[in-house]
Amino acid sequence: MKNKSYIFLSAISFIIICTYLSGCSRNYEPVTETGFYLDTVVQITLYDMGGRDSCSENIRECFAMIERYEHLFSTTIEDSDIWKINHSDGVPVTVSDDTVSLLQTALYYSELTDGRIDVTVLPLSSLWDFGSDGNADKPDDDSIQEALSHIDYRTVQISGNTVTLSDPEAAIDLGFIAKGYIADRLKEFLVGQGVKSACINLGGNLITIGNKPDGQPYRIGIQKPFANEGEIITAIDVVDSSVVSSGIYERYFYEDGILYHHLLDTATGYPADNNIAGVTIISPSSVDADALSTTCFFLGLDDGMKLIESLDDTEVLFITTDGTLHYSDGFPLR
């Protein structure tokens, strides 16, 4: 009988330190609301510079936007754009501008990594099913090999707003990049509403607007891999930036003493084994930070670091499985 132990940790990889400003004017008190979307806990904090009612109204609109995007990008919600593509049997499907934009970005990163991350990974990821219901299991190898035969980002063909899968058995999963895209759209909306100071946390995707009203940066604690939730390994200060983490400690299970995590190698069909426990990216763009955190994980420490050092305004922190921190030259460690 298999010896199985399930340990599903929250995807919230950040702790916002000292959000409340003791001794400040009441006009600077934060308004924070929490919801459950995108299969994770979402928390939005706006500072009360235009009235609490205005803050709450803006947060409610943000939640409504998240729900609308989820109904475009979800693989499981029937009649979402992605669901329709995946169930089209290769017939062209007309989708929204947002879906096209996100797919094009996902395809860019799929090509950048030569398919190490692949937008058509769903046949494989659905086999593993790292859900929160405690039913994850290691698939048999024949099923994995069959799934791998249908993973190829080049099967996704885009013409205008029409998307076609040249392999009818292929299927798209935007999980490695969708939250970043949504976070950028929420920030655009709030800035358009005149918000000067805010923090949006979509699980492992965090984005800030400006700095805190007292002029100080947001201090963010980065979760220590495999530690209790809320135990940080280091902290950083950020202003008007996105911070995104990916790691093997977010969704995983043990079977016969072996850890199986959700970051699947498309070359083997099994969880990647590269001595990386987590990757954190800081970037002005949340969609780029989201994609780069996964990209750097699969590229590994040396190649991932070279990629980030070649990019402007982008920093990376690697945490190896021995707990060592490796960071780019400009990474703002406290």
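Two strands are taken to pair if DSSP finds at least two bridges between them. In this predicted model, strand β9 (residues 205-209) meets that criterion with strand β12 (residues 242-247), the two being joined by 3 bridges in the antiparallel sense. Within this pairing, V243 of β12 is the bridge partner of L206.

Both strands belong to an open sheet of 8 strands, in which the pairing is antiparallel and the order is β3-β4-β8-β9-β12-β15-β16-β17. The edges of the sheet are formed by β3 (30-37) and β17 (325-327); each has a single partner strand, so one side of each is without a neighbour in the sheet. On average, neighbouring strands are turned by 15 degrees against each other, direction ignored.

Two helices were examined in relation to this sheet. Helix α6 (residues 178-192) lies across β4 (40-47), β8 (198-202) and β9, and runs at about 20 degrees to β9. Helix α7 (residues 286-309) also packs on the sheet, where it touches β9, β12, β15 (276-283), β16 (315-320) and β17. The direction of α7 makes about 125 degrees with that of β15.

The side chain of T99 forms a polar contact of 3.0 Å with the side chain of S96. Apart from neighbours within four places in sequence, the residues in contact with T99 are L72, F73, D81 and I82.

Key: Residues numbered from 1 in each chain as written. Predicted model: local features only at pLDDT ≥ 70, side-chain atom pairs only at ≥ 80, totals over all residues. Heavy atoms only, no water. Polar contact = N/O pair within 3.5 Å; in protein donor to acceptor, adjacent residues only side chain to side chain. Contact = heavy atoms within 4.5 Å. Helix = DSSP H or I, 4+ residues; strand = E, 2+ residues; numbered from the N terminus. Axes fitted to C-alpha atoms, helices over the stretch in contact; angles between N-to-C directions.
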